[in-house]
Amino acid sequence: MYVAVGQFAVTPDWRQNASQCVAMMAQALRQGASLLVLPEALLARDDNDPDLSVKSAQPLDGTFLQQLLVESAGNQMTTVLTLHVPSTSGRAVNTLVALRGGTIIASYAKLHLYDAFSIQESRRVDPGDRIPPLIDIDGLKIGLMTCYDLRFPELALSLALQGADVLVLPAAWVKGPLKEHHWATLLAARALDTTCYLVAAGECGNKNIGQSRVVDPLGVTIAAAAEAPVLLMAEIISDRIALARQQLPVLRNRRFAPPQLL
């Protein structure tokens with residue numbers, strides 16, 4: 001199975017961002033991808049207004065997502081991204097959606113809100129309360145995560161114990177001292193914790209690092225971006241997952257009960 005990772009800088013104009021998503025969807029489909037992962041919070045972003053994503057929130061039947069659904073109709077490529085969906089007045093839910101064949105086949109409200117490094121996502125965003133579902137693509141089980149979820153190994157492990165072969169992660173990883181190191185280390189660690197592929201898409205605006213990556217089940221980076229917009233392609237190989245789980249049977253050897261959502 002071939003996967004694509006779309007990295008770009010989100011603008012303050014949701015229409016421009018929707019056009020960028022549609023263009024990357026078309027390009028990924030032409031290049032034979034079964035899965036495209038796009039960054040986190042794609043509606044709008046402004047360096048001078050950290051709340052613009054929430055202020056620009058749209059419902060799942062809003063114009064932004066409808067444009068992407070139209071592009072996804074008529075083919076079986078799955079596209080994963082996140083956008084803010086209105087909740088109560090002035091607040092929103094950071095919602096991951098998986099699109100295929102012109103419909104939303106899965107959604108997930110971000111569990112772990114980024115209240116760290118002097119940023120407080122929970123100030124305007126409501127957390128989810130359910131572990132994300134698995135989706136099926138080309139005979140593989142795909143687990144869904146969002147950005148800060150990467151720092152919580154129990155979520156990745158829970159998905160792997162449910163049968164995930166691949167974990168996908170839309171992200172907007174904020175720049176800062178050692179943050180690039182954290183990103184690379186955590187992606188490799190989650191791959192090794194779970195013996196899953198990690199497919200991570202990063203936003204590459206002025207405040208976020210970009211650096212999208214695909215990491216294999218033994219922690220080897222097989223595709224990587226720098227800071228510029230790009231569409232990465234990588235192959236997910238079922239035999240590589242089987243080999244990793246034979247050589248490193250951490251899912252079978254573990255002695256603790258599966259973690260539970262609090």
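Mentor: Helix α4 passes helix α5 in a right-handed crossing, that is, with the near helix turned clockwise from the far one by less than a right angle. The model is predicted, so local features need pLDDT of at least 70 and side-chain atom pairs pLDDT 80 or more, whereas totals for chains, interfaces and linings use all residues. Residues are numbered from 1 along each chain, and side-chain values use heavy atoms, without hydrogens or water.

α4 spans residues 153-161 and α5 residues 179-194 (DSSP runs of H or I, at least four residues), and their axes, which come within 9 Å, cross at roughly 40° (lines fitted to C-alpha atoms over the stretch in contact, angles from 0 to 180 degrees between N-to-C directions). On the α4 side, Pro153, Ala156, Leu157 and Ala160 take part, and they meet Arg190, Asp193 and Thr194 of α5, where contact means heavy atoms within 4.5 Å. Sorted by class, this contact between α4 and α5 holds four nonpolar residues, one polar and two charged.

Turning to burial (under 20% relative accessible area, 1.4 Å probe, protein chains only), α4 has Leu155, Ala156, Leu157, Ser158, Leu159 and Ala160 as its buried residues. The cover over these buried residues includes α5 and α7 (250-253), together with the strands β5 (103-109), β9 (134-137), β10 (140-144) and β11 (166-171), strands being E runs of at least two. Glycine 163, which follows α4, has a positive phi, near 120°.

Definitions and conventions: Ala, Val, Leu, Ile, Met, Phe, Trp, Tyr, Cys and Pro count as nonpolar, Asp, Glu, Lys and Arg as charged, and the others, Gly among them, as polar. Buried means under 20% relative accessible area, exposed over 50%, partly exposed in between (1.4 Å probe, protein chains only).
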